[in-house]
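These are my notebook entries on one structure.

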Amino acid sequence: MTKDVLITISGIQMSDGDNSDVEMITTGSYYMKNGKHYITYDEVLEGYEGTIRNLIKIQPDSMDIIKSGLTHVHMTFEKNKKRLTCYATPMGDMMVGLNTKSILVSENEDSLKVMVEYSLDINYEHISECNIQVDIQSRSQAQVHLLS
């Protein structure tokens with residue numbers, strides 16, 4: 001995979017019969033070190049000055065998302081494990097619980113895809129069942145498919 005990548009992050013939250021879909025497409029950088037995939041990109045939070053620096057670390061059985069800048073969090077998704085972390089935002093801090101049910105990593109020459117199913121708790125209260133998909137493609141080979 002090339003250093004310059006296109007990153008698509010899509011997710012679904014299912015709570016009380018309601019589904020909420022989210023999708024973000026951005027550019028970033030990719031590198032591999034010691035058998036682990038690293039993806040970095042910047043994000044802007046609407047209504048605030050500054051950016052959020054994102055680092056995604058992918059291994060065959062886990063994914064870490066680390067945010068710094070306007071927000072601070074280190075989320076770890078690892079099959080059959082529950083992780084607690086403090087999510088610091090401009091609106092205040094939250095205790096986030098991630099109970100990962102499954103994680104699937106698929107890798108090709110010009111792409112990397114991660115699919116995660118997990119339960120989300122905020123401040124020790126169950127909020128929703130979630131799916132997140134992270135799709136990284138070499139910019140030169142990228143094919144984008146928007147949710148309708």
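The entries below follow that order.

**Basis.** I worked from a predicted model, in which local features need pLDDT of at least 70 and side-chain atom pairs count only at pLDDT 80 or more, while totals for chains, interfaces and linings use all residues. Residues are numbered from 1 along each chain as its sequence is written, and side-chain values use heavy atoms, with hydrogens and water left out.

**Entry 1: the sheet.** I took helices (H or I, at least four residues) and strands (E, at least two) as DSSP runs, numbered from the N terminus. I counted two strands as paired if DSSP finds at least two bridges between them. In what order do the strands of the open sheet lie? I found ten strands in the order 6-5-4-3-2-1-10-9-8-7, with antiparallel pairing. Strand 6 (73–78) and strand 7 (82–89) are the edge strands, and each pairs on one side only. On average, neighbouring strands of this sheet are turned by 30° against each other, direction ignored; the axes here are lines fitted to C-alpha atoms, for helices over the stretch in contact, and angles run from 0 to 180 degrees between N-to-C directions. I noted as background that strands of a sheet pair through backbone hydrogen bonds, either parallel or antiparallel.

**Entry 2: strands 7, 8 and 9.** I then followed the chain through two hairpins. Strand 7 and strand 8 form a hairpin with two residues between them, and eight bridges join these antiparallel strands. Strand 8 and strand 9 form a hairpin with three residues between them. Eleven bridges join strand 8 (residues 92–107) to strand 9 (residues 111–122), also antiparallel. I looked up L98 in strand 8 and found that it is the bridge partner of R83, and that L98 also stands opposite L120 in strand 9. V96 has I122 in strand 9 as its bridge partner.

**Entry 3: the core.** A nonpolar core is a set of buried Ala, Val, Leu, Ile, Met, Phe, Trp, Tyr and Cys residues joined through side-chain atoms within 4.5 Å. Buried means under 20% relative accessible area, exposed over 50%, and partly exposed in between (1.4 Å probe, protein chains only). Which residues have the most contacts inside the largest core? They are I56 and M63, in a core of 26 residues. Strand 9 gives the largest share of this core, five residues. Leaving aside neighbours within four places in sequence, I found I56 in contact (heavy atoms within 4.5 Å) with several residues, including I9, Y38, M63 and V134.

**Entry 4: ring pairs.** Rings of Phe, Tyr and Trp (its six-membered ring) pair if their centres lie within 6.5 Å; planes under 30 degrees apart count as stacked, over 60 as edge-to-face and the rest as tilted. By this rule I counted two aromatic pairs. Y31 and Y38 are stacked, because their ring centres are 5.0 Å apart and their planes at 10°. Y31 is partly exposed at 39% relative accessibility, whereas Y38 is buried at 14%. F77 and Y118 form an edge-to-face pair, 5.0 Å centre to centre and with 65° between the planes. This pair links F77 in strand 6 with Y118 in strand 9, 41 residues apart. Both F77 and Y118 are buried.

**Entry 5: cysteines.** I searched the whole structure for disulfides (pairs of cysteine sulfur atoms within 2.5 Å) and found zero. C86 is partly exposed at 39% relative accessibility, whereas C130 is buried at 2%.
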